[in-house]
Amino acid sequence: MSLLAAAAAVSIAPIASGQERTEFEQQAREIYRNVVEVRSARGHENVPKIVDYVVGELKAAGFSDDDIEVTDYDNDGEATQGLVVWYRSPDPQDKPIALLAHMDVVDALAEDWVREPYTLIEEEGYFFGRGTADNKYGVTSLVATFIRLKEEGFEPTRDLVMVLSGDEETGMVSTRAQANWVAEEVDPAFVLNADAGGLSLGPDGEPLDYGVQGAEKTYATFELTVTNPGGHSSAPRADNAIYELADALKKIEAYKFPVRYNDLTLASIEAAGRKRLDQLGNAQRAFAADPTDEDAIEVLRANPATVGQIGTTCIATMLRAGHAENALPQSATATVNCRIFPGVGIEATEATLKDVVANEDVQFKLISDLVESPESGMRDDVLAAVQTALEARGVTDVEIIPHMSAGGTDGMHYRNLGYDTYGVGGAAAKQNDTFAHGLNERLLVSSFYDGLDHFYVILKELAGPQEG
């Protein structure tokens with residue numbers, strides 16, 4: 001069957017309340033509950049709680065101390081941990097496979113949510129809770145799969161190395177250290193990332209396509225600061241740090257970075273467009289045929305789901321200014337987060353922003369420390385394993401599409417070290433339906449259970465004895 005076959009109208013039915021679950025499904029749900037209910041966001045230093053819990057489950061399944069390595073890290077004054085678990089082959093025939101997920105989350109405030117964010121709540125066909133989608137499901141999928149394979153007595157033909165990071169959402173200190181360790185100690189054939197990729201669903205729950213992340217944009221955060229002598233609020237100055245900074249931000253808001261594309265993004269946009277008959281689908285197909293089509297560009301830029309696929313984006317995300325309500329501000333600072341198209345570069349993006357602002361009083365400071373990463377070439381064995389996993393869950397004839405993520409993941413560090421890295425997560429979701437990083441994050445209950453076999457099948461395909 002072709003990997004680029006047309007999508008079939010196979011519905012993923014909602015899970016009936018109280019449906020009887022297998023022992024493995026119940027075990028996986030319990031792992032999910034335990035990791036979701038740990039507030040593993042920056043400022044709480046709770047990642048070690050997840051590590052302790054996961055290590056206990058793995059040891060109970062038969063993994064030894066020699067198979068498990070816990071490493072402590074300092075992320076800008078905050079303690080976190082990373083976890084590496086080695087599933088060893090008795091007779092390795094091929095280079096290892098590394099598998100990634102991250103244990104930390106973006107914080108969530110209970111007063112902003114409809115439900116308690118750090119309690120796993122099942123309602124309306126969804127699991128609600130911070131990290132349910134990003135990336136506690138990835139952690140659950142890999143941990144539960146390792147336990148299942150170990151309990152079955154599976155003997156892989158190559159080593160499998162699970163690498164869970166502790167600060168992917170912030171400094172990525174653990175990620176970079178782990179990537180360097182993997183390069184030196186594991187030297188895998190390739191890397192599979194549970195924090196990217198997945199099955200896209202239509203409004204009615206029908207599978208549309210499966211995306212394999214083969215590239216991601218460069219993450220860069222700048223602080224823009226304006227300073228001023230200030231003074232008493234009853235005697236306003238002609239210049240004001242807040243107003244001056246606001247002017248700079250409005251210029252950035254109005255600026256559109258040049259359109260960018262590569263073979264991977266054009267293929268992804270074209271394939272996505274073939275699944276839609278609406279204005280967005282028409283624009284996607286038109287852009288893939290002619291990336292200079294201004295009408296198509298306007299539609300793609302107006303849609304949050306597609307704007308990041310056609311160029312660099314920079315957006316203001318945080319503000320702080322002033323020191324008293326009755327005093328003129330002595331400083332005003334904005335945080336501007338950029339997602340930079342591959343090949344553009346951080347320095348060039350900063351230079352562009354400075355030209356746009358055109359004000360030497362606005363001081364720029366790069367506060368992130370991440371890397372630019374290349375694209376990963378698609379491997380036939382990985383794509384075939386993904387297809388087999390999809391067919392095992394009853395999803396047939398869907399198109400498998402390599403794509404670029406607008407957001408950043410641990411995978412960038414492995415690609416930067418020369419390892420092809422593929423986002424092949426097991427979740428299924430409708431467009432803009434998970435609210436990752438936002439309010440009331442959720443994952444379809446059907447997606448949770450239907451995707452539990454995903455990595456189980458993939459690893460058996462890529463690291464199991466082959467018939468014949």
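This is a predicted model: local features need pLDDT of at least 70, side-chain atom pairs count only at pLDDT 80 or more; totals for chains, interfaces and linings use all residues.
## Charges over rings

Residues are numbered from 1 along each chain as its sequence is written, and side-chain values use heavy atoms, with hydrogens and water left out.

## Aromatic pairs

Rings of Phe, Tyr and Trp (its six-membered ring) pair if their centres lie within 6.5 Å; planes under 30 degrees apart are stacked, over 60 edge-to-face, and the rest tilted. That rule gives 16 aromatic pairs. One of them is Phe-190 with Tyr-422, edge-to-face at 6.5 Å centre to centre and 65° between the planes. This pair ties together distant parts of the chain, with Phe-190 in strand 7 (residues 190-193) and Tyr-422 in strand 17 (residues 421-423), 232 residues apart. Helices (H or I, at least four residues) and strands (E, at least two) are DSSP runs, numbered from the N terminus. Both Phe-190 and Tyr-422 are buried, where buried means under 20% relative accessible area, exposed over 50%, and partly exposed in between (1.4 Å probe, protein chains only).

Phe-448 and Tyr-449 also pair edge-to-face, 4.9 Å centre to centre with 90° between the planes.

## Nonpolar cores

Phe-448 turns up again in the largest nonpolar core, which has 72 residues; Phe-448 is among the members that touch the most others, as are Leu-58 and Phe-146. A core is a set of buried Ala, Val, Leu, Ile, Met, Phe, Trp, Tyr and Cys residues joined through side-chain atoms within 4.5 Å. Helix 3 (residues 136-152) supplies the largest share, eight residues. There is also a second, separate core of 21 residues, including Leu-245 and Ile-346.

Setting aside residues up to four places away in sequence, Phe-448 touches Ala-28, Arg-29, Tyr-32, Phe-127, Tyr-137, Thr-140 and Leu-443. Contact means heavy atoms within 4.5 Å.

## Domains

The chain is split into domain 1 (23-216 + 373-463), domain 2 (218-258 + 312-371) and domain 3 (260-305), with bounds from an automatic or database domain assignment. The centres of domains 1 and 2 are 35 Å apart, taken over C-alpha atoms. Twelve residues from domain 1 and seven residues from domain 2 make the contact.

Between them, domain 1 and domain 2 bury about 840 Å², 59% of it on carbon and sulfur atoms. Buried area is the accessible area (1.4 Å probe) that two parts lose on being put together, summed over both. On the domain 1 side, Arg-176, Met-404 and Met-412 lose the most, together 39% of what that side buries.

Most residues other than glycine have a negative phi, and most peptide bonds are trans. Asp-76, though, has a positive phi near 55°; Asp-76 sits in the loop between strand 1 (68-75) and strand 2 (78-87) and is exposed, at 67% relative accessible area. The peptide bond from Asp-134 to Asn-135 is cis, with omega near 0°.
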